[in-house]
Amino acid sequence: MYKKVLTIQDISCIGQCSLTVALPIISACGHETAVLPSAVLSTHTAGFSGYTFRDLTDDMPDVCNHWIKEKIKFSAIYTGYLGSTKQIDYVKDIIESTKEKDAKIIVDPAMADNGKLYPGFDQNFVNAMKKLVGISDYVVPNVTEACMLTGVEYKTEYTKEYVDELVQKLLSLGAKNVILTGIGYIDGKTGVVVVEDGKYSYYEHDKESNSCHGTGDIYASAFVGALTCGKSAYESAKIAADYTVLCIKETAKLDNHWYGAAFEPVLGELIKMVK
Ligand code: PXL
């Protein structure tokens, strides 16, 4: 069935992240993709300096009211990088007013990585994000984001018990299902922990030696695309992981492509995987 997905995240004009990744990936999976930019930046904030940042928080109530007037509804709503703490309340209102009855709400709490918040975010933003996570059907954090949301200490080496604590605390925030990315227990491997309807599974795969910026957005977008095709959370998490690995391998072929991942040349592979 032809589904309508709304994604709310920033436009980084340059940087292969957020909307410039989500829109092509979800479209390639066969879904109509509506966008609500949370902010417009000249580039993303990781590695560039002097970027512009146009916060679109104040436009959101009018956008929401217009969509309510037009009776616009979505079968899935996926949020990523948001522009301000105040905006998170508006995003919650938009979700409540525009979701179809059985719409899936996917929250990627895109705010941190490698133990640190992205520039411009603070504890108030984290606290507001906890509330958005609380209304999600699927939350898709990396380990850093999971730690910030749950107050658990960030570690780079950990046990299954540590991961279990993160998962339980994310569920107690109100998230119905958890997709925890970047979980590796042994050298050379990484993977994703999926807790769907209370059932745990783990998809482990080889860890690529190069890492790229923007892979979290590629991962979450492919997950949303596959999930909206009717795949289970585990299947969607696996497809998203396999696709992200292809993107990282593609990027490794390039010289000095440091700011994002070359996801476009392998979109055809994603289309085959979600069919
Ligand atoms: O990839 C996450 C992301 C999205 N949007 C902006 C960012 C980042 C990560 O740094 O800076 C603007």
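Student: How do the residues of the shell around the ligand divide into nonpolar, polar and charged?

Tutor: This is a predicted model, where local features need pLDDT of at least 70, side-chain atom pairs count only at pLDDT 80 or more, and totals for chains, interfaces and linings use all residues. Residues are numbered from 1 along each chain as its sequence is written, and side-chain values use heavy atoms, with hydrogens and water left out.

The shell divides into five nonpolar, five polar and two charged residues. Here Ala, Val, Leu, Ile, Met, Phe, Trp, Tyr, Cys and Pro count as nonpolar, Asp, Glu, Lys and Arg as charged, and the others, Gly among them, as polar. Around the ligand stand Asp10, Ser12, Cys17, Ser18, Leu41, His44, Thr45, Ala46, Tyr81, Tyr118, His213 and Asp217.

Some of these side chains make polar contacts, that is, pairs of N or O atoms within 3.5 Å. In the side chain of Asp10, an N or O atom is 2.8 Å from a nitrogen atom of the ligand. For Thr45, a side-chain N or O atom is 2.7 Å from a ligand oxygen atom. For His213, the distance from a side-chain N or O atom to an oxygen atom of the ligand is 3.3 Å. The protein covers 98% of the 310 Å² of accessible area that the ligand has on its own, by the Shrake-Rupley method with a 1.4 Å probe.

How values were computed. A residue is near a molecule or strand if one of its heavy atoms lies within 4 Å of it. A polar contact is a pair of N or O atoms within 3.5 Å; within protein, one must be able to donate a hydrogen and the other to accept it, and residues adjacent in sequence count only if both atoms are side-chain atoms.
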